[in-house]
Amino acid sequence: MLLDVQHIAKSYDGIDILTDVSFHLEEKQKAAIVGINGAGKTTLLRQIVGEEEPDRGNIIFPKELRIGYLAQYQDFDLNTTIYRAVFEVNQELLSLENSIRAAEQAMPSLSGDALTQKMNEYARATEQFERMNGYAYRSEVTGVLKGLGFSEDQFQTEAAVLSGGQKTRLSLARILLSRPDLLILDEPTNHLDMDSVAWLENYLISYPGAVLLVSHDRYFLNRIVSRIIEIENGTGTVYNGNYDQYTEKREMLRKAQLSAFLAAQRKIEHEQAVIDKLRSFNREKSIKRAESREKKIAKIETPDRPVQIDTDIRLTLTPSRESGNDVLMIEDLSKSFDDLMLFKDFDLLIRKGERVALIGSNGTGKSTILKIINGLLPADSGMVRLGSNVEIGYYDQENQLLHMEKTIFQEISDEWPAMNNTRIRSVLAAFLFTGEDVFKRIGDLSGGERARVSLARLMLSNANLLILDEPTNHLDIHSRAILENALRSYTGTVFCVSHDRYFINRTATRVLELSGQTVTSYSGNYDDYLEDKARRTENRMAANTGGSPLSSNTVKNQSAAASREQSGKETLTEKEAWLLKKQEEAARRKKENDIKKTEAEIEKCENRCSEIETLLSDLSIASDPVQCAALTAELSEMQDKISLLMDRWEELQL
């Protein structure tokens, strides 16, 4: 076992963040910690690496374990270049390289024995450098830096002048090349474009050590991890599998927990109903049975009702009116900044109901296109035209449309003055702003809180064309899923920029790739885009080598056959389910009828017993031995019959 976390608890200012979190990590295992924003994920990582102490519990790992930790925010000032900052992670190789360079500079000015001695030192150093794979290490440094989005012309840039995102990428490069036994990464895909995230995925998949990470990138989690630790309500639950498998198992577990709770409640209610019925018979044997059942109720183990904090935003997107079929037309659009050409001759037609995702590397101009459409930036050339009855709702990742000096309440009330206070508070409550929170200044909010305000504005806009710039940034996994569901049921049109591949997979009907100043269109979601792009590449390679291109029709036919087969399976299952439901309903009705008949028989026998007891109390009958014996025998028979009917009634009730 590489890492053992035992019953960790942590609170701040009397507020419990973690109450009982336990899990373990084996060598080479790759796991993720998930949970809503504020659940305590980063707090847990800080305790594992020793930056904080838990209030309770233990964290156990081997003394010699080497840990590499990437925090969400990096704040350092390295007085060196990007390349040197990464290369110097291996101090022994750095020392050898410095010795080699010093020897090279000294040898031209030496002669005789001094030169011979220096040449020998140089030979030994270069031999050791080569033995330690120093020249390959240089290639590895280059590969990691390029993989994380640094171009070679940036290698000699001073690390001190980098932006926060660049410093995070540089720190990640340093940690990866230090090759620790355990990599602990807090949101490692932040500040990475799609190509860099894909590179990091492949790097971590083949990484020889263990990996523990926090990430909201579900596609990333699906590809890398084999264990999920969910933190909810301060406690940890461990699931084996990737993200999709975790969501399935989590839903099954929650259903099972709720089912167990409801079953226990039904059992108690049922037992109480039986007890009440037994007491209503008002016979000694029935009362004893009721008392016996009361003792059983006291022994029934009742599981706690599954607790789930309401942390989900409630988002419904509804267009105010229907647009024309042609929603957005772009012709010959071009834009450059100084000598940097972002894109040129860009043409696009988006039709009503489409959900189009624009992807590409950082700096290619994706957000610029959205800003031009919204009139926030001028184009160098070209035309942008909206179709008839088109009303835009714009969500920008930088929250430029929000007024930093206003409160949340003012942001909504000033934009929609006709809304009364109750309606405004209701809308804000749907986005988790309640009580005094509505009077917080926009400028004082976190990134996630500002994102929720922007989503509230978007919901109120009633637009029929949504233009979204990185809408999942700052949202936790649950909020992303809610946004996805809202977009999937949205009847208007969507044009978005996103690097969230899972989000694109769930929402997009078309993918546009901006690369090399041009845009290429692919039908379908992100997985369809990958498949289509690979097929086009293979076709080009086959054409260049004189081979036979792949037939897309063959792929489509196979897909259609598989779809038909699956459809047939679903139809058969539905039929079986329908028959089973009918059988269950018939069995239920029969049991209800049997219970009613048995109760009627019991009542009939009880009434006859009462009649016999009344007759036996009559002196004229009591003095007649023959008649008295007959009635006494009948009374005994009725009581035996009641006992048998009661047994039958209890069986039916159970």
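**Strands, a helix and a buried threonine**

Strand 3 and strand 8 (residues 227-232) run parallel to each other and are joined by four bridges. The model is a predicted one, in which local features need pLDDT of at least 70, side-chain atom pairs count only at pLDDT 80 or more, and totals for chains, interfaces and linings use all residues. Residues are numbered from 1 along each chain as its sequence is written, and side-chain values use heavy atoms, with hydrogens and water left out. Helices (H or I, at least four residues) and strands (E, at least two) are DSSP runs, numbered from the N terminus, and two strands pair if DSSP finds at least two bridges between them.

Strand 3 also pairs with strand 7 (residues 210-214), again in the parallel sense and over four bridges. Five of the five residues of strand 3 (residues 30-34) are buried, so the strand is largely enclosed by the rest of the structure; buried means under 20% relative accessible area, exposed over 50%, and partly exposed in between (1.4 Å probe, protein chains only). In a regular strand, side chains alternate between the two faces of the sheet. Both faces of strand 3 are covered, with Lys30, Ala32 and Val34 buried on one side and Ala31 and Ile33 on the other.

Strand 10 (residues 326-337) is joined to strand 11 by eight bridges, and leucine 328 stands opposite isoleucine 350 in strand 11.

How do the two sides of helix 10 compare? The buried residues of helix 10 are Ser286, Arg289, Ala290, Arg293 and Ile297. Seen down the helix axis, these buried residues fall within an arc of 100° (taken from the directions from the axis to the C-beta atoms), so they line one face of helix 10. They pack against helix 9 (243-281) and helix 20 (625-653). The face turned away from the buried side carries the exposed residues Glu284, Lys288, Lys295, Ala298 and Lys299.

Finally, threonine 472 is found in the loop between strand 15 (465-469) and helix 15 (477-489). Threonine 472 is buried, with a relative accessible area of 1%. Not counting residues up to four places away in sequence, threonine 472 touches Arg480, Ser498, Asp500 and Phe503, where contact means heavy atoms within 4.5 Å.
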